[in-house]
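User: I would like to learn how to read the overall fold of a chain from its coordinates. Could you take me through it step by step?

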Amino acid sequence: MNNIKIFSCYRRIDMAISLCDFLKLSVKDIVFDSRQSYKESFCYEVSKAWESFDILDIDGWSMIIQDDVRPCQNFIGIVEEIMVSHPNTIFSFFPYYYMDKTVKVDIKNPFWEAEIVSGCCIAVPNKYIPKMIEYMRRQKNLSCGEDLVIGWFAHENKIPILTTIPAIVQHIGDVSVIDPSKPIRRTQYFERDPVANWASQKINKFCKSS
């Protein structure tokens with residue numbers, strides 16, 4: 001069983017419903033930020049969203065996608081193929097790590113190492129989720145985001161973090177509701193109709209000569 005939930009806040013409910021319609025999900029798949037104050041732990045709040053998944057299928061995967069993300073065409077089909085090809089990997093589908101880097105797009109081998117996790121869209125094999133939630137809860141009093149904490153969890157447990165180029169999601173929210181001072185984030189690698197070998201096993205690494 002593969003699960004997808006949209007994480008949203010009531011200020012952006014229209015965006016969440018639009019994304020829900022695009023992905024053909026139910027409004028029940030929208031999880032709202034229930035914090036009374038943005039001073040409360042965002043990481044802890046997102047951990048509750050991960051906890052809401054049905055992970056009886058230990059060989060499946062689950063995903064949280066933010067409401068201000070635009071997926072490519074055939075997004076779910078592509079993700080299903082990717083997760084079959086890389087069942088032991090945490091995927092950060094918005095390639096934030098490569099926003100300031102220029103690499104050659106290789107559609108035969110679209111997978112790239114990502115040293116960080118972007119919270120825009122994260123897919124995790126179900127077998128890692130219980131321990132990941134425990135790890136996130138231990139950071140409850142930290143002010144950092146869940147993406148940073150999931151990255152720590154992956155590194156400490158030697159779980160690969162990958163992203164894709166071409167990118168299969170684009171970030172479209174210009175103003176962060178958590179930190180309005182953040183710059184506009186767009187990836188130059190997003191393609192509306194991406195074509196790539198999603199079954200590739202080769203992992204690209206960034207180097208200055210890329």
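User: What share of the contacts between residues at least 6 apart in sequence joins residues at least 24 apart?

Analyst: A contact here means heavy atoms within 4.5 Å. In this chain, among contacts between residues at least 6 apart in sequence, 76% join residues at least 24 apart. Please keep in mind that this is a predicted model, in which local features need pLDDT of at least 70 and side-chain atom pairs count only at pLDDT 80 or more, while totals for chains, interfaces and linings use all residues. Residues are numbered from 1 along each chain as its sequence is written, and side-chain values use heavy atoms, with hydrogens and water left out.

User: How many helices and strands does the chain have, and in what order do the elements run?

Analyst: Helices (H or I, at least four residues) and strands (E, at least two) are DSSP runs, numbered from the N terminus. The chain has five helices and nine strands, and from the N terminus the order is β-α-β-α-β-β-α-β-β-β-α-α-β-β.

User: How far apart in space are Trp-61 and Gly-145?

Analyst: Their C-alpha atoms are 22 Å apart, and the two residues are 84 residues apart in sequence. The C-alpha atoms of the chain fill a box of roughly 45 × 35 × 35 Å, taken along the principal axes.
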